[in-house]
Amino acid sequence: MSVTESRPDDAAVPEPLLRIEALGKRFGGLVALDNVTIRLQPGEFRAVIGPNGAGKSTLFNTLTGLHRPDLGRVFLSGTEVTGRTPHALARLGVGRTFQITSVFSALTSLENVQIALLAHSGRSWNVLAWARSMQVTQARALLDLVGLRDRESQLAGTLAHGDQKRLELAIALATEPKLLLLDEPTAGMAARERLESIALVHRIAREIGLTVIFTEHDMAVVFAVASAITVLHQGRVLAEGLPEEVRANPVVHDVYLGETPSDYAAEQERA
Amino acid sequence: MSRTKLGLWSVAALLFLVAPLGLGAFWQFIAIEALVFALYAMSFNLLLGYGGMLSFGHAAYFGLGAYGVGILMAKLSAPFWLALLAAPVVAAVSAAAVGYFSVRLTGIYFAMLTFAFQMLFFTVALKATVLTGGDDGIVGLTRPGILVDPAVYYLFVLFITALAIGLLYRMVNAPFGQTLRAIRDNARRVQHLGVHTRAHCWLTFVIAGAFAGLAGGLFALSTGSVFPGWLDWTASATPIVMAVLGGLRVFAGPIAGAFVFVGLETVISGHTEYWPLFMGTIIIALVLLLPGGILGTRSGRVGH
């Protein structure tokens with residue numbers, strides 16, 4: 001695949017960390033993404049919101065290489081990465097977490113993080129070294145960062161749900177991503193826990209200068225941390241802007257923020 | 001490794017070293033079989049226990065290793081050492097080809113594809129009579145003078161299998177093995193960490209094939225013969241039963257499984273022609289009473 005260096009149209013704007021140009025994806029007759037264009041500046045903490053079936057998951061899966069887009073291009077710091085495989089994108093600095101918590105349940109918390117560190121340092125193939133004593137200090141530092149240091153020898157599968165989410169964050173951070181995609185990072189949590197959890201991610205992202213893009217259903221969480229919001233609706237970008245702009249947007253209000261329970265049920269049925 | 005574990009391994013090593021030497025040639029032959037099948041079951045468990053890949057065609061690589069030795073020695077007059085060296089190589093090359101296609105699939109589809117390739121090899125072994133002797137197999141393979149004595153060959157096999165199992169131990173505790181376990185638990189997660197998971201599984205398949213081939217080669221040189229039945233689909237069940245019996249999630253589990261299996265088979269088949277009935281009953285009882293295997297623990301954790 002050729003690597004195309006490309007500059008944005010407007011030379012005054014610095015090259016975004018992530019540039020999505022007119023992305024399109026269909027599944028049979030269903031248009032999941034339609035002409036989606038998003039630019040993400042370094043250091044952003046961008047929320048992508050929208051009703052179920054709006055295309056959030058498809059967008060994430062396309063950005064991380066699980067789906068190939070039918071149309072459009074994706075650039076990471078100016079380098080075209082359209083259609084790359086998940087592992088290639090991960091090596092280019094695209095990290096992610098999953099809506100359904102994805103840890104290695106039969107391994108300890110420390111081992112979970114070590115595996116990610118070993119993958120990042122390109123040592124996964126090593127057949128003769130003792131994995132147990134490799135990159136322990138770094139792994140502990142990461143567990144410390146997410147507050148799981150005292151759980152290092154516990155099997156990941158036996159951790160509480162919230163702790164598994166934090167472990168997954170440590171795993172994702174271990175690969176030192178430039179861009180981190182969080183797919184519903186607070187799914188399955190109690191309301192209070194959600195805000196605490198996203199605040200932790202937000203604080204860490206600030207500290208290490210990480211650019212984050214996340215999907216979220218809880219508007220309290222979104223408005224608490226998002227630096228900007230992109231609203232997707234039926235595969236298209238319906239609105240984009242600062243949180244207060246999006247909140248004030250009447251169209252967004254109609255289709256999403258102000259939706260009544262019955263509208264929501266209808267959405268669910270359609271999705 | 002803890003001190004207790006080290007002690008247990010030392011005692012086991014001493015037993016393996018001296019016990020069969022006091023026995024007659026028959027039991028020495030059985031001990032060789034147990035060692036060979038221990039290595040075979042270990043190679044299988046690299047796929048299932050560590051990689052979560054249930055191969056239903058693992059006998060292909062055991063059989064190909066054995067046929068590699070048989071054909072090289074009987075038809076091409078190759079020397080013993082070259083033939084033995086070729087066994088894992090032949091198996092690894094075949095596993096590389098089969099694995100290339102098989103690791104694209106998972107679960108039952110992976111099992112079916114490995115099974116289909118095995119049937120292919122079986123048919124070739126049966127029909128390519130000029131090379132393989134067809135139904136009659138290859139007989140009359142001889143070991144060099146120094147290894148003719150079953151007791152000496154036992155020690156030789158012990159040395160090779162110990163070396164191979166030691167190497168497997170290093171591998172499963174290396175980043176390679178840790179990553180493999182992670183793939184077993186959640187392949188997608190590992191992929192998004194930047195690991196080419198399919199290539200990782202493919203390499204695992206090749207390594208497992210190589211060790212199975214080595215086991216097959218050693219066994220052919222123990223019996224002095226190779227038969228197409230070793231490549232038959234029922235032969236692929238043997239390492240599965242041994243590994244499950246001993247414990248999939250414990251490193252030494254398949255060794256215990258292989259020794260119990262070979263021991264039971266030998267003792268019971270010496271007493272009754274209905275031995276499969278008794279074998280089956282005992283294995284069912286063991287699996288029900290010890291769900292994690294003979295060496296298994298209830299936590300379900302892969303031992304270190």
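## A loop residue and its contacts

Leu193(B) touches Ala90(A), Phe104(A), Ile115(A), Ala116(A), Ala119(A), Ile171(A) and Thr175(A), leaving aside residues up to four places away in sequence, where contact means heavy atoms within 4.5 Å. The residue belongs to the loop between α8 (175-191) and α9 (197-223) of chain B; helices (H or I, at least four residues) and strands (E, at least two) are DSSP runs, numbered from the N terminus. With a relative accessible area of 3%, Leu193(B) is buried, a term that stands for under 20% relative accessible area, against over 50% for exposed and partly exposed in between (1.4 Å probe, protein chains only). A separation of 36 Å lies between the C-alpha atoms of Leu193(B) and Leu64(B), which are 129 residues apart along the chain.

## Basis of the description

This is a predicted model, in which local features need pLDDT of at least 70 and side-chain atom pairs count only at pLDDT 80 or more, while totals for chains, interfaces and linings use all residues. Residues are numbered from 1 along each chain as its sequence is written, chains are lettered from A and ligands numbered from 1 in the order in which they are written, and side-chain values use heavy atoms, with hydrogens and water left out.

## Chain A and its strands

Chain A contains ten helices and ten strands, and buried residues account for 53% of its 271 residues. Of the contacts in chain A between residues at least 6 apart in sequence, 67% join residues at least 24 apart.

An open sheet of four strands in chain A has the order β2-β1-β4-β5, with antiparallel pairing; two strands pair if DSSP finds at least two bridges between them. At its edges stand β2 (30-40) and β5 (79-80) of chain A, each with a single partner strand, so one side of each has no neighbour in the sheet. Strand β4 (residues 71-76) of chain A pairs with β5(A) in the antiparallel sense over two bridges, and Phe75(A) stands opposite Glu80(A) in β5(A).

## Two enclosed strands

In a regular strand the side chains alternate between the two faces of the sheet. In strand β3 (residues 45-49) of chain A, five of the five residues are buried, so the strand is largely enclosed by the rest of the structure. Phe45(A), Ala47(A) and Ile49(A) are buried on one side, and Arg46(A) and Val48(A) are buried on the other. Four bridges join β3(A) in parallel to strand β8 (residues 211-215) of chain A, and four bridges join β3(A), also in parallel, to strand β9 (residues 228-233) of chain A. Arg46(A) has a bridge partner in each, namely Ile213(A) in β8(A) and Ala228(A) in β9(A).

Strand β7 (residues 179-183) of chain A is likewise largely enclosed by the rest of the structure, because five of its five residues are buried. On one side these are Leu179(A), Leu181(A) and Asp183(A), and on the other Leu180(A) and Leu182(A). Strand β6 (residues 94-97) of chain A pairs with β7(A) in the parallel sense over four bridges, with Gly95(A) opposite Leu180(A). The pairing of β7(A) with β8(A) is parallel and has five bridges, and here Leu181(A) stands opposite Ile213(A).

## Nonpolar cores

A nonpolar core is a set of buried Ala, Val, Leu, Ile, Met, Phe, Trp, Tyr and Cys residues joined through side-chain atoms within 4.5 Å. The largest has 140 residues, and those with the most contacts inside it are Val113(A), Leu167(A), Leu169(A), Phe214(A), Ile229(A), Tyr61(B) and Leu218(B). Helix α2 (residues 25-50) of chain B gives the largest share of this core, 15 residues. Apart from it lies another core, of 22 residues, including Val36(A), Val81(A), Ile213(A) and Leu232(A).

## Cavities

On a 1 Å grid over the protein atoms alone, a cavity is a set of points where a 1.4 Å probe fits but cannot get out, and lining residues have an atom within 4 Å of a point.

The lining of the largest cavity includes Thr97(A), Phe98(A), Glu168(A), Leu169(A), Leu182(A) and Val201(A). Two or more lining residues come from each of α5 (161-174) and α6 (191-208) of chain A, and α5(A) provides the largest share, four residues.

Notes:
On a 1 Å grid over the protein atoms alone, a cavity is a set of points where a 1.4 Å probe fits but cannot get out, and a pocket is an open set with protein on both sides within 12 Å along at least five of seven lines; lining residues have an atom within 4 Å of a point.
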